[in-house]
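Dear colleague,

My notes on what was found in it follow directly after.

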Amino acid sequence: MAAGNDVHNNHKLSRSGTKCSVFTSQEKPNMSQPVIFNPDFFVERLRHEHPHAFVDLVLSNITRLIDLPGDEFAQLTGESEAKVPSATGFLRSLNFLNKRKDKGVVFGAPLTEEGIAQIYQLIEYLSKNLHVEGLFRVPGHSLRQAALREMLNAGAEIDLETGDFHPNDAATLLKAYLGELPEPLLTHRHYHAHLKIGELTRFDERGDKTNVPDKEHQVEAFQLLFMLLPPANRSLLKLLLDLLYHTARNQHINKMSAINLATMFAPHILWPKNVMACDLQGDIERLNNGIAFLIRHSQKLFKAPTYIKEYARLYFTGSKTLQSKDDLVLCSGTEGGLISADPAASPSPSIRTIRSGVRSTSTSSSCETQSYTESALKELYQHVNNMPESAKKKKLIRQFDKQPLLTPSADSRTPLSRKHWRSRSLGGIIKRKVMGSQLLAEKENGPRSPLAGGPSVATQEKSAAV
């Protein structure tokens, strides 16, 4: 018994230490600048004061990371109704039973701040009992659960430390609450985005896709996706993932790993409502792995990416000059950020806006960025040009020709290219920079005539006579 108390007390200490870590910052403030405690201050201000600009910024970067066809993108933005797998057969005929359930303040009601405040009593109690073996897997007592449910629905403040209830009662009720929400906590609109983020993998040296998950890009994509959640969903999701994260950290005691917890919670927070396993057509493993990923990386997912913070800061301060080289590195994303904000890697209009502000005051950075863009474009076009002759190659070449910015060089063009040589587009400027103005001038103007190549014969004779 004493050993059990020691484990319990040690866990309490670790939890309190974790909470304190939230309020400490490793960054040394610049005394010449006003200190802003919340690192996402400008991001939150942009969200509340300019919601359309905020949503456009986030969406432009999500689509940079994952490929969402028009219909799925419209579902993400709310322009069209979410289309998710639906229930079939017998389960669909039982949906009327859900409608007949008594709806209280908490269970079965839409997600509200009041409901979260009530459910937080369960979360707080469970966070002190993470040592219980089989937590969230072993069901509680049905009579105790019914009494606790009634108290929560009535809006009562409950003292769960009296011993009248067991942690398994609270854990089962928490799952029941999430399962009875009218819509999954992660929302139907985000369902397809979660599947796409789970498919992000690394590329090898030849540019071919591998089976190795790209965790950095996945974290970044989830950071952006969670910024689009309704405030109440985002708040409860953060509390829930934090609880599950610390539960998984104590798996040597409670026997509940991240994947075990994901198996318990995926049907309640991500699966479409009123569906069975057979309706998901093989997506169950991907959905469970996705929730397990959220649990393992939950401490990173509710922070805005560095370039989003920088954009929001510049949006309000109006500053076109970055304060230091470190700020420039953060904006470019080459160090300390998950993804480069370079136009070649992130073609979103918002990031190009930031880059244009930096470019006006930092010539050296501009040259490096331009050089990188040119080399990347040239390498991409050369790769396409070296492909075996096929219909696919012709199609890619035509796509390059339709986008002048993507045509990196003049000498690598094939007979399939029909772009006019006198193009004055940005693509033409890049071609002049990459291959040199002399070669391009010869192709534009043709071979120079003797009259244009130097002094005329008559002029030379006249000079000799003088």
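**The loop between α7 and α8**

L135 is placed in the loop that links α7 (113-127) and α8 (142-153). Please note that the whole model is predicted. The relative accessible area of L135 is 0%, so this residue is buried. Leaving aside residues up to four places away in sequence, L135 touches L126, N129, L130, P167, N168, A171, N254, M256 and L261. Its C-alpha atom is separated by 9.9 Å from that of Q251, although L135 and Q251 are 116 residues apart along the chain.

F136 lies in this loop between α7 and α8 as well. With a relative accessible area of 1%, F136 is buried. Its phi is near 75 degrees, a positive value in a residue other than glycine.

**Other positive phi values**

T187, in the loop between α9 and α10, has a phi near 70 degrees, which is positive in a residue other than glycine. T187 counts as buried, because its relative accessibility of 6% is under the 20% cut-off. G78, the residue that follows α4, has a positive phi near 85 degrees.

Helix α4 itself covers residues 70-77, and its buried residues are E72, A74, Q75 and L76. Among the elements that cover these buried residues are α3 (51-65), α10 (191-198) and α11 (215-226).

Two packed helices are described by the angle between their axes and the distance between the axes. Helix α9 (residues 167-179) packs with helix α14 (residues 258-269) at an angle of about 30 degrees, and their axes are 8 Å apart. Because angles under 35 degrees count as roughly parallel, α9 and α14 are roughly parallel to each other. The crossing in which α9 passes α14 is left-handed. K175, L178 and G179 of α9 make the contact with M264, F265, H268 and I269 of α14. By class, this contact of α9 with α14 comprises 4 nonpolar, 2 polar and 1 charged residues.

Helix α14 also packs with helix α15 (residues 284-296): their axes come within 8 Å and cross at roughly 115 degrees. The two helices α14 and α15 are therefore roughly perpendicular to each other. Their crossing is right-handed. On the α14 side, the contact is made by A258, I259, L261, A262, T263, A266 and I269, and on the α15 side by L287, N288, N289, I291, A292, I295 and R296. The residues of this contact between α14 and α15 divide into 10 nonpolar, 3 polar and 1 charged.

**The protein as a whole, and its confidence**

The protein has 24 helices and 2 strands. Of its 466 residues, 41% are buried. Among contacts with a separation of 6 or more, 70% are between residues 24 or more positions apart.

The mean pLDDT of the protein is 74, with 61% of the residues at 70 or more. Over residues 89-102 the pLDDT is below 50, and this stretch has 10 contacts in the model beyond near neighbours in sequence. Residues 407-426 likewise have a pLDDT under 50, and the model has 52 contacts for them beyond four places in sequence. Where pLDDT is low, the predicted coordinates should not be read in detail.

Yours sincerely

Definitions and conventions. Residues numbered from 1 in each chain as written. Predicted model: local features only at pLDDT ≥ 70, side-chain atom pairs only at ≥ 80, totals over all residues. Heavy atoms only, no water. Buried < 20%, exposed > 50% of the residue type's maximum accessible area, 1.4 Å probe, protein only. Helix = DSSP H or I, 4+ residues; strand = E, 2+ residues; numbered from the N terminus. Contact = heavy atoms within 4.5 Å. Axes fitted to C-alpha atoms, helices over the stretch in contact; angles between N-to-C directions. Parallel < 35°, antiparallel > 145°, perpendicular 65-115°, else oblique. Left-handed = near helix turned anticlockwise from the far one by under 90°. Nonpolar A, V, L, I, M, F, W, Y, C, P; charged D, E, K, R; others polar. pLDDT = per-residue confidence, 0-100.
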